[in-house]
Amino acid sequence: MDQFSETPPRAPTLELVRAALDELLPAMIADGGGAEFVSLENGVATFRLIGSCQFCPSRQLSADAFRRGILERVPGVAEVAILYQPLASYSEQVVALAGR
């Protein structure tokens, strides 16, 4: 390679994605929320927001900050997709927990 050659981008690894998630989770958990890793395909890392992060009025700001955090920490991730749990499913969990 000569001095003008570019290094090809590294493919993101599950290890790097999970390490980034571990770094970002404490702040989310402190606010009653969180995120879980769903998949990594073709440079797209997909996560599901859980807990209060799904219904907080600032959830879009949190999701944007989370996206930036993953993109900054994981070379090769081109996009971060965020999934939200359906409201009906969340309601069923609350009812189940209340019945304990």
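Student: Which side chains meet glutamate 23 and arginine 73 in a salt bridge, and what is the N to O distance?

Tutor: Happy to start there. Side chains of opposite charge can pair when their charged atoms come close. A salt bridge is counted when a side-chain nitrogen of Lys or Arg lies within 4 Å of a carboxyl oxygen of Asp or Glu. In this case the side chains of glutamate 23 and arginine 73 meet each other, at 2.8 Å from N to O. Glutamate 23 sits in helix H1 and arginine 73 in helix H2, so this pair ties together parts 50 residues apart in sequence. Helices (H or I, at least four residues) and strands (E, at least two) are DSSP runs numbered from the N terminus.

Please keep in mind that this is a predicted model, where local features need pLDDT of at least 70, side-chain atom pairs count only at pLDDT 80 or more, and totals for chains, interfaces and linings use all residues. Residues are numbered from 1 along each chain as its sequence is written, and side-chain values use heavy atoms, with hydrogens and water left out.

Student: Is glutamate 23 buried or exposed?

Tutor: Relative accessible area decides: buried is under 20%, exposed is over 50%, and partly exposed is in between (1.4 Å probe, protein chains only). Glutamate 23 counts as exposed at 51%, while arginine 73 is partly exposed at 33%.

Student: How many salt bridges does a search of the whole structure find?

Tutor: The search gives 3. One of them joins arginine 48 to glutamate 36, with the closest N and O atoms 2.7 Å apart. Arginine 48 belongs to strand E2 and glutamate 36 to strand E1, so parts 12 residues apart in sequence are tied together. Arginine 48 is partly exposed at 27%, and glutamate 36 is partly exposed at 32%. Another links aspartate 64 and arginine 67 at 3.2 Å, N to O. Those two are 3 residues apart in helix H2, about one helical turn.

Student: Which residues have the most contacts inside the largest nonpolar core?

Tutor: A nonpolar core is a set of buried Ala, Val, Leu, Ile, Met, Phe, Trp, Tyr and Cys residues joined through side-chain atoms within 4.5 Å. The largest one here has 19 residues, and Phe47, Phe66 and Ile70 have the most contacts inside it. H1, E1, E2, H2 and E3 each supply at least two of its residues, and H1 gives the largest share, 6 residues.

Student: What does isoleucine 70 touch?

Tutor: Contact means heavy atoms within 4.5 Å. Leaving out residues up to four places away in sequence, isoleucine 70 touches Ala20, Leu21, Leu24, Phe47, Val77 and Val80.
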